[in-house]
Amino acid sequence: MRNLFQLVGLIFLGSMANEATSQVRRVVIYDDAVTELRTPPPSTQSKDLWVTLAELTRATGFVVKPQGVCRNELCFPLPKQRKADFLEQRGKVTWFNLSEFARLVKQPVAHEEKLAAWCFGPRPEAQNGYLATLEAPNFTLPDRSGKLHSLSSFRGKKVLLITWASW
Amino acid sequence: MPGWQTFYHELKDKNFEIVSVAQDTGGVKDASPWIEKANPEYTVLIDEQHLVTKLYSMVNVPTAVWINEQGKIVRPNEVAFVDDQFKSYTHMDSGPYLDAIRDWVAKGESSSFTLSEEELRKRLTPVSPDRLMADVEFSLAEYLYHAGHGPEAIPHFKEAQRLAPDNWNYKRQAWLLSDADRDYGTNFTKEVQKLNGKPYYPPRQMPEPSNKPN
């Protein structure tokens, strides 16, 4: 993840250098993954994050389908009366309001306006899902040599999970 | 960490693992010196994004969770020191805690230290909307910090701290990344003094060890 951050940092700084001629590239952090958007934002008064359908899928994995906004088995129908709050056709491009979608599914969002960065957190059901089963939430993280380990790979053993920090 | 290595060595042949996770935005650079010094045999992972803090709603380090063979939580978040070096903060002896782990490793679910589902549900509560918002502000701040925008990260770290005032991880990590007094108007020592005798770590709710494990 460090490399990813560094790479994104370089792209980010690179885009800052071009600011005189073009706008700051927008950045979306979704499920802890960072995506830089290539298209400039549509001209709008709203502070909401409008993305193209291709960008939606690239940044979040969600796809707009007739039955709703879907990812794998998960599908969120858009309220019929309010479709225009989510989707807008401009010329050949269909824009999707990711901020409005976050409000619909009750996802927390943090925004840094000056640097055009948005960070989306887990839906409350996703965060609290483990309370139903009492199953320890799984994670996959590197050791110091970069090798990835998942908590779930220790199934069959008792595990003492301990956090610590250098600070 | 050397203490945990000794403890792990004692129990590792009893189907027991330690998974130790560093909550460090500075990643390998910050965590490695500690790992190298102790050179533990158990698994040590680096968590730059504080994912475990968020997933398990932790507020402090060190925090431990007991997980059984089926991957279920049998004791949730509590302070876990292997020695008494920081007893002035914990006001607790580490010995009974280590004995409790030994008891669990020996007896499994029949250990009196594992919790019933009812008790687990009492202790594990859904996170508040504020805490979810704090997590996402912290994630954004970390991203900005890594992208070379340290000054722009500070208001987001502060917002995370405001929304989750009991989360020491979010305070201490942010303070370390800049000059705490200059940028946050405080520091760890001052904040601990403000506790005014209130415990820095929530006390463990644990029965007295009745008899030593076999």
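## Strand 13 of chain A

Both faces of strand 13 of chain A are covered, with K158(A), L160(A), I162(A) and W164(A) buried on one side and V159(A), L161(A) and T163(A) buried on the other. A residue is called buried if 20 or more other C-beta atoms lie within 10 Å of its own, exposed if 12 or fewer do, and partly exposed in between, with C-beta atoms placed from the backbone. Seven of the seven residues of this strand are buried. In a regular strand the side chains alternate between the two faces of the sheet.

The model is predicted: local features need pLDDT of at least 70 and side-chain atom pairs count only at pLDDT 80 or more, while totals for chains, interfaces and linings use all residues. Residues are numbered from 1 along each chain as its sequence is written, and chains are lettered from A and ligands numbered from 1 in the order in which they are written.

## Pairing between the chains

Strand 13 (residues 158–164) of chain A pairs in the parallel sense with strand 1 (residues 16–23) of chain B, over seven bridges. Strands (E, at least two residues) and helices (H or I, at least four residues) are DSSP runs numbered from the N terminus, and two strands pair if DSSP finds at least two bridges between them. Within this pairing, K158(A) stands opposite F16(B), and L161(A) has V19(B) as its bridge partner.

Strand 13 of chain A is also joined to strand 3 (residues 63–67) of chain B, by five bridges, and these two strands run antiparallel. Here L160(A) stands opposite W66(B).

## The interface as a whole

Between the chains, 70 residues of chain B are in contact with 50 residues of chain A, where contact means that the C-beta atoms of two residues, placed from the backbone, lie within 7 Å. Helix 7 (residues 129–146) of chain B gives the most to the side of chain B that touches chain A, with 10 residues.

That side of chain B divides into 40 nonpolar, 18 polar and 12 charged residues. In this count Ala, Val, Leu, Ile, Met, Phe, Trp, Tyr, Cys and Pro are nonpolar, Asp, Glu, Lys and Arg are charged, and the others, Gly among them, are polar.

## Chain A: overview and strand 10

Chain A holds six helices and 13 strands. Of its 167 residues, 28% count as buried. Among contacts in chain A between residues at least 6 apart in sequence, 35% join residues at least 24 apart.

Strand 10 (residues 117–120) of chain A has A117(A) and C119(A) pointing one way and W118(A) and F120(A) the other, and all are buried. Strand 10 of chain A pairs over four bridges with strand 1 (residues 27–30) of chain A in the parallel sense, where A117(A) is the bridge partner of V27(A). Strand 10 of chain A also pairs over four bridges with strand 9 (residues 109–112) of chain A, in the antiparallel sense, and V109(A) stands opposite F120(A). Strands 9 and 10 of chain A form a hairpin with four residues between them, and A116(A) in the turn has a positive phi of about 50 degrees.

## The three-stranded sheet of chain A

Three strands of chain A form an open antiparallel sheet in the order 4-5-6. Strand 4 (63–65) and strand 6 (74–76) of chain A stand at the edges with a single partner strand each, so one side of each is left without a neighbour in the sheet. Strand 4 of chain A pairs with strand 5 (residues 68–71) of chain A over three bridges, and V63(A) has C70(A) as its bridge partner.

G68(A) lies in strand 5 of chain A. G68(A) counts as partly exposed because it has 13 C-beta neighbours inside 10 Å. Leaving aside neighbours within four places in sequence, G68(A) is in contact with C75(A), F76(A), P77(A) and L78(A). G68(A) and L78(A) are 10 residues apart in sequence and 5.6 Å apart in space, C-alpha to C-alpha.

Chain B is divided into domain 1 (2–123) and domain 2 (129–194), with bounds from an automatic or database domain assignment. The C-alpha centres of the two domains lie 25 Å apart. In chain B, 11 residues of domain 1 are in contact with 12 residues of domain 2.

Helix 9 (residues 168–177) of chain B is mostly covered, with seven of its 10 residues buried. Among these buried residues are W168(B), Y170(B) and W175(B). What covers them includes strand 1, helix 7 and helix 8 (150–163) of chain B.
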